[in-house]
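This report goes through one protein model, from a single residue to the spaces between its helices. Please keep the sequence and the structure open while reading.

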Amino acid sequence: LAGWTRLSRHVYVYEYDPTPFNAELPWPMYGTHGRALPVYKEMGIQGFTHECHESWATLFPNMYVAARMMWNAGQSYDALMDDLYANFFGDAGPFMRTYYREMDDAMRQYSGNMEWGTADYPQIFRPERIEQCRKALEAAEKAAQTPEVKARVQVLSMGFVVLKCFQCSAGKS
């Protein structure tokens, strides 16, 4: 990208989020967006967009962070997420922080070459990571005080169940 921005003032990034053929499983790109968009801005990238799915149960934070960071790439990603935990999840926020950090860490720690589709999921989301996420979501469901927050956590939990079932069917957890 640095080379392209030296050659042209009109460089845009088009990305897939999630990877195509992901079976609507969680694909935590929110941390990547939060870390990459300020770098894109600094490099002189003029625009960013991504092709995405409509699975709010699994991809909500990706779309939220990308939209907010595209609006203002100079804002703090951590502050943005803290606002999400506090204002979208209320009393369940601390547990959702744990869940989303576990998911982001799984992506960051994977050293393989991520391909399209679901082939890498068993290596990215190891059984111990799945268990930590399950515990966090269970605690979030118990902590949720309002009907709105309970419903939000339940929708995200449904998306996680799809991932857990996929891992079970792959014989990995």
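In which helix does Thr58 lie? Thr58 lies in helix H3. The model is predicted, and the values below are computed from it.

The structure holds one cavity of 30 Å³ or more, and the volume of the largest cavity is about 90 Å³. At least two lining residues come from H3, and at least two from helix H5 (93-109). H3 gives the most, with five residues. By class, the cavity lining has eleven nonpolar and two polar residues, and no charged ones.

**The largest pocket**

Which residues line the largest pocket? They are Leu37, Tyr40, Lys41, Ile45, Gln46, Gly47, Phe48, Met69, Met70, Trp71, Asn72 and Ala73. Helix H2 (30-43), strand E2 (47-51) and helix H3 (56-71) each contribute at least two residues to this lining. The pocket has a volume of about 150 Å³. Its lining divides into eight nonpolar residues, three polar residues and one charged residue.

**Helix H4**

Helix H4 covers residues 77-89. Its 13 residues should span 18 Å at 1.5 Å a residue, and the C-alpha atoms at its ends are 17 Å apart, so the two values agree. At the start of H4, a side-chain oxygen of Ser76 comes to within 3.4 Å of the backbone nitrogen of Asp78. Just after H4, Gly90 has a positive phi of about 50°.

Which residues of H4 are buried? The buried residues are Tyr77, Leu80, Met81, Leu84, Tyr85 and Phe89. These residues lie on the same side of H4, because they cover an arc of only 140° around its axis. The general rule is that an α-helix has 3.6 residues a turn, so residues three or four places apart point the same way.

Leu80 is one of this buried set. Its relative accessibility is 3%, which is why Leu80 counts as buried. Leu80 and Thr19 are 61 residues apart along the chain, and their C-alpha atoms are separated by 24 Å.

**Arg97 in helix H5**

Arg97 lies in helix H5. Is Arg97 buried, partly exposed or exposed? At 25% relative accessibility, Arg97 counts as partly exposed, because that class runs between the 20% and 50% cut-offs. Arg97 and Ala86 are eleven residues apart in sequence, and their C-alpha atoms are 9.5 Å apart in space.

| Residue | Relative accessibility | Class |
|---|---|---|
| Leu80 | 3% | buried |
| Arg97 | 25% | partly exposed |

Methods: Residues are numbered from 1 along each chain as its sequence is written. This is a predicted model: local features need pLDDT of at least 70, side-chain atom pairs count only at pLDDT 80 or more; totals for chains, interfaces and linings use all residues. Side-chain values use heavy atoms; hydrogens and water are left out. Helices (H or I, at least four residues) and strands (E, at least two) are DSSP runs, numbered from the N terminus. The expected span of a helix is 1.5 Å times one less than its number of residues. Buried means under 20% relative accessible area, exposed over 50%, partly exposed in between (1.4 Å probe, protein chains only). The arc is that of the directions from the helix axis to the C-beta atoms. A polar contact is a pair of N or O atoms within 3.5 Å; within protein, one must be able to donate a hydrogen and the other to accept it, and residues adjacent in sequence count only if both atoms are side-chain atoms. On a 1 Å grid over the protein atoms alone, a cavity is a set of points where a 1.4 Å probe fits but cannot get out, and a pocket is an open set with protein on both sides within 12 Å along at least five of seven lines; lining residues have an atom within 4 Å of a point. Grid points are joined across faces, edges and corners, and a volume is the space filled by probe spheres set on the points. Ala, Val, Leu, Ile, Met, Phe, Trp, Tyr, Cys and Pro count as nonpolar, Asp, Glu, Lys and Arg as charged, and the others, Gly among them, as polar.
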